[in-house]
Amino acid sequence: MRARMALLSSSVVCELREVALRSKPAELLAISPKGTVPVLQLHDGQVLEQSLDIMLWALQRHDPEHWLAANHAICAEELAMIAECDGEFKTHLDRYKYPNRYDLPDGLAHRAQGSVFLAELNGKLARTAYLAGSTWGLSDAAIAPFARQWAHTDPTWFAAQPWPALQAWLNAWENSPRFVLLMRKYALWQLGDAPIWWDQSQTDALSI
Ligand SMILES: N[C@@H](CCC(=O)N[C@@H](CS)C(=O)NCC(=O)O)C(=O)O
């Protein structure tokens, strides 16, 4: 989701190949044996296997919406926030969401631990409209999909938390026209399929 968002914002056109994780195509595993998505293959054969790398690659090529902070200190702060999200917070998210996969009776301890990060996000969003500052940026796009997963694990519990700024930020994103596009379902890719282009024409088609 975050890679697709950054590619869309950058207007860098790429071919979208939807895959099912339960039956990964051999073509995917041939270029990226670790078998996670997203994966972006460049024309020179280079393969980007981390969503954050794809975001940074696209935005460094073209960043018309200024998602990358010009200020180095702010950029470093955003990358640190994303690292915390992808590291400790993701660990708690996985265990809160799927305790039985980790032999846990429930995910409550991890819910409590992950909530520390969410409270920090709420504090930040109470001071500035977005995590990146006054406009939506890299950290917003990188973190929103994980905050969303957390919120949807137990929506009633999430709505009851004293995090109005975080709840409003998430709600605004989930109700944005681009979100509609992100949630659109595509047929699974098969060898020989005509390319589906992930670019601005997708948003134009939806009048976004
Ligand atoms: N650090 C990687 C994590 C990617 C990841 O774990 N992707 C999940 C789907 S969102 C996946 O492909 N899981 C493999 C599987 O379920 O087989 C990234 O950000 O790109």
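**Ligand shell and cysteines**

Let's start at the ligand: one of its oxygen atoms sits 2.6 Å from an N or O atom in the side chain of Ser-51, a polar contact, meaning a pair of N or O atoms within 3.5 Å. Please keep in mind that this is a predicted model, where local features need pLDDT of at least 70, side-chain atom pairs count only at pLDDT 80 or more, and totals for chains, interfaces and linings use all residues. Residues are numbered from 1 along each chain as its sequence is written, and side-chain values use heavy atoms, with hydrogens and water left out.

Back to the ligand. Gln-50 has a side-chain N or O atom 2.5 Å from a ligand nitrogen, and a polar side-chain atom of Lys-24 is 2.6 Å from a ligand oxygen. On its own the ligand has 510 Å² of accessible area (Shrake-Rupley method, 1.4 Å probe), and the protein covers 54% of that.

Who else is around it? The residues there include Leu-21, Gly-35, Thr-36, Val-37, Pro-38 and Glu-49, where being near means having a heavy atom within 4 Å. By class, the shell has three nonpolar, four polar and two charged residues, with Gly counted as polar.

Now, the cysteines. Cys-85 is buried because its relative accessibility is 0%, buried being under 20% relative accessible area with a 1.4 Å probe, protein chains only. Cys-14 is buried too, at 12%.

Methods: Buried < 20%, exposed > 50% of the residue type's maximum accessible area, 1.4 Å probe, protein only. Polar contact = N/O pair within 3.5 Å; in protein donor to acceptor, adjacent residues only side chain to side chain.
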